[in-house]
Amino acid sequence: MLEIREDIVARINEGDIKAFESLYSTCYVYLCAVATKYIFNSEASREIVNDVFINVWNNRSTLTYPVQAYLIRSVQNRCLNHLRQKRIQMVPMSDVQEHLLTIQEQQIGKESHPLAYLENKEFEERIYNAIDQLPLKCRTIFIEYLYHNKTYEEIAQAHQISTSTVRVQIKIGLTKLRVLLGDLYPLFLLLCDFSEK
C-alpha cells in the first residue's frame with residue numbers, strides 16, 4: 001500500500017471528496033488482498049473493504065494521520081466479525097471448515113505483515129517440501145484432495161477405504177503442514193483454495 005500523505009488526510013477531514021477518492025484508489029486493492037488473505041472470499045472481501053471506506057467517510061472528521069495501520073486494523077476487525085458470523089451460520093461444519101475458521105481467526109490477531117510472503121520465491125518450494133514430509137498414505141490422499149480436486153468419496157473409492165478414513169488423513173495432513181509451514185500456513189490455505197472444498 002502506497003504512503004498516504006498527511007495533507008490528503010487533512011483534506012478528507014474537511015470533506016474533500018477528491019482527497020477521499022485518492023485514498024480509496026490508493027488503498028483499495030491492497031486492502032482487498034489483506035481481507036482475502038484472512039477470509040478467502042474475494043466478493044466478501046470487497047464488501048468488507050467498501051464498508052471500511054464508508055465508515056471512514058462517515059467519520060472523516062476523526063480520521064488521523066498516518067492512516068495505513070488504522071485501515072488495516074479496520075479490515076482485520078471486520079474480517080473477524082465476518083468469520084464469527086460464518087461460524088454461527090455453518091452448523092454443522094466439516095473438520096476442514098472448522099480447522100480453517102480457527103486458523104483464520106488466529107491469523108487476524110497476529111501483527112505480522114499480511115502479505116509478506118506473496119512474492120517469496122521460496123514459498124512454492126516450501127510447500128512441496130512440507131507435503132513431501134507427510135507419511136506416504138497421508139501424502140497420497142492429501143495430494144489427490146489438494147491438487148487433483150477429488151472429493152472424499154472419489155478418494156475413498158479409488159483406495160477402497162471409508163470416507164471417514166480419508167477425512168482423518170486430510171486432517172492429519174493439515175495438522176502436520178501447520179507445524180511445517182508455520183506462518184506460511186494460512187497463506188498456503190488461501191492459495192490452495194481450501195475454502196472451496
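Is glutamine 160 buried or exposed? Glutamine 160 is exposed, with a relative accessible area of 74%; the cut-off for exposed is over 50%, for buried under 20%, and partly exposed falls in between (1.4 Å probe, protein chains only).

## Ground rules

This is a predicted model, where local features need pLDDT of at least 70 and side-chain atom pairs count only at pLDDT 80 or more, while totals for chains, interfaces and linings use all residues. Residues are numbered from 1 along each chain as its sequence is written, and side-chain values use heavy atoms, leaving out hydrogens and water.

To pair, rings of Phe, Tyr and Trp (its six-membered ring) need centres within 6.5 Å; planes under 30 degrees apart are stacked, over 60 edge-to-face, and the rest tilted. Phenylalanine 20 and phenylalanine 53 have ring centres 6.1 Å apart and planes at 80°, so they sit edge-to-face. That pair bridges distant parts of the chain, 33 residues apart: phenylalanine 20 belongs to helix H2 (residues 17–39) and phenylalanine 53 to helix H3 (residues 42–58). Helices here are DSSP runs (H or I, at least four residues), numbered from the N terminus.

Both phenylalanine 20 and phenylalanine 53 are buried. Over the face of tryptophan 57 lies arginine 60, at 4.1 Å from the ring centre (the rule: NZ of Lys or CZ of Arg within 6 Å of the ring centre and within 35 degrees of the ring normal).

Going from tyrosine 65 to proline 66, the peptide bond is cis, with omega near -5°. Proline 66 is in the loop between H3 and helix H4 (68–89).

Back to glutamine 160: its phi is near 55°, a positive value in a residue other than glycine. Glutamine 160 is in the loop between helix H8 (152–159) and helix H9 (163–181).

Note on methods. Helices (H or I, at least four residues) and strands (E, at least two) are DSSP runs, numbered from the N terminus.
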